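Trainee: I would like a close look at a single part of this model. Please keep it brisk and connect it to what surrounds it.

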Amino acid sequence: MADEYLLDTPVVRDFIDDVRDAIAAADSPAAACDAIRPRFAALLADPAWLPERFQQPNPDSGMGGGIGQWLLFRAEDRSLTLFALIVPSGSATPIHDHLAWGLVGLYRGTQDEEIYAEGGGVLELVEHRSLRPGDFYALIPPHDDIHRVRTTSAETSVSLHLLTNDTGCVWRHAYDAESGETRPFRSGYVNVACDEDDSPQHSH
Ligand SMILES: [Fe+2]
């Protein structure tokens, strides 16, 4: 295996180089996220670097609603990924977690986001926020780790995710809003297959 650049451009390579330098120099996830912020903001503000082919919905989505998750970069050791999440107008993700820290921001369209906290098997809605292009936040579990996003714009929304795991291929959790129950959840990527022999890990 090697580093995978599904979108192999100087913009992506420079970004990942800077991110790796920031992570290596930081003494905590929060410090790393702070150091990466300016570069992440620049990526969200640049209208030219992400080709249309990585902004297409996926009719065969494992998340439903035509939602597409396009892998752009994955580290050889699967400790870092950059991907675009495409959510068609009116579609919403399941409530889900990520199990890794990183940065998440909106590139195109608008989204409503509901953030939940889990305690004693109960899911509590703790925050509701509306996102516009350029908005982003650091996700550091358990803070902000469980959420659901819905596209509120007439156009498809595109969000960028820089996370410190192989988010599309790891087994994580989807939550039932009413009961708080979890089920094993693997979102997959539109453009890269996950290893089939991986089985769901412990789901509770
Ligand atoms: Fe998410």
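Which residues does Asp 176 touch, not counting residues up to four places away in sequence?

Mentor: Asp 176 touches Leu 123 and Glu 181, with neighbours up to four places away in sequence left out. Contact here means heavy atoms within 4.5 Å. A word on the basis: this is a predicted model, where local features need pLDDT of at least 70, side-chain atom pairs count only at pLDDT 80 or more, and totals for chains, interfaces and linings use all residues. Residues are numbered from 1 along each chain as its sequence is written, and side-chain values use heavy atoms, with hydrogens and water left out.

Now the setting. Asp 176 is found in the loop between strand 11 and strand 12. Strands (E, at least two residues) and helices (H or I, at least four) are DSSP runs, numbered from the N terminus. Asp 176 counts as partly exposed, because its relative accessibility is 36%. The scale is this: buried is under 20% relative accessible area, exposed is over 50%, and partly exposed lies in between, with a 1.4 Å probe and protein chains only. Thr 110 is 66 residues from Asp 176 in sequence and 24 Å away in space, C-alpha to C-alpha.

Strand 11 covers residues 172–175 and strand 12 covers residues 182–185. The two pair in the antiparallel sense over 4 bridges. Two strands pair if DSSP finds at least two bridges between them. His 173 stands opposite Pro 184 in strand 12. Between the strands lie 6 residues, and Gly 180 takes a positive phi near 80° in this hairpin.

Strand 1 pairs with strand 2 (residues 68–74) over 2 bridges, in the antiparallel sense. Tyr 5 of that pair stands opposite Phe 73 in strand 2.

The buried residues of helix 2 are Ala 32, Cys 33, Ile 36, Phe 40, Leu 43 and Leu 44. What covers them includes helix 1 (10–25), strand 3, strand 5, strand 8 and strand 10.
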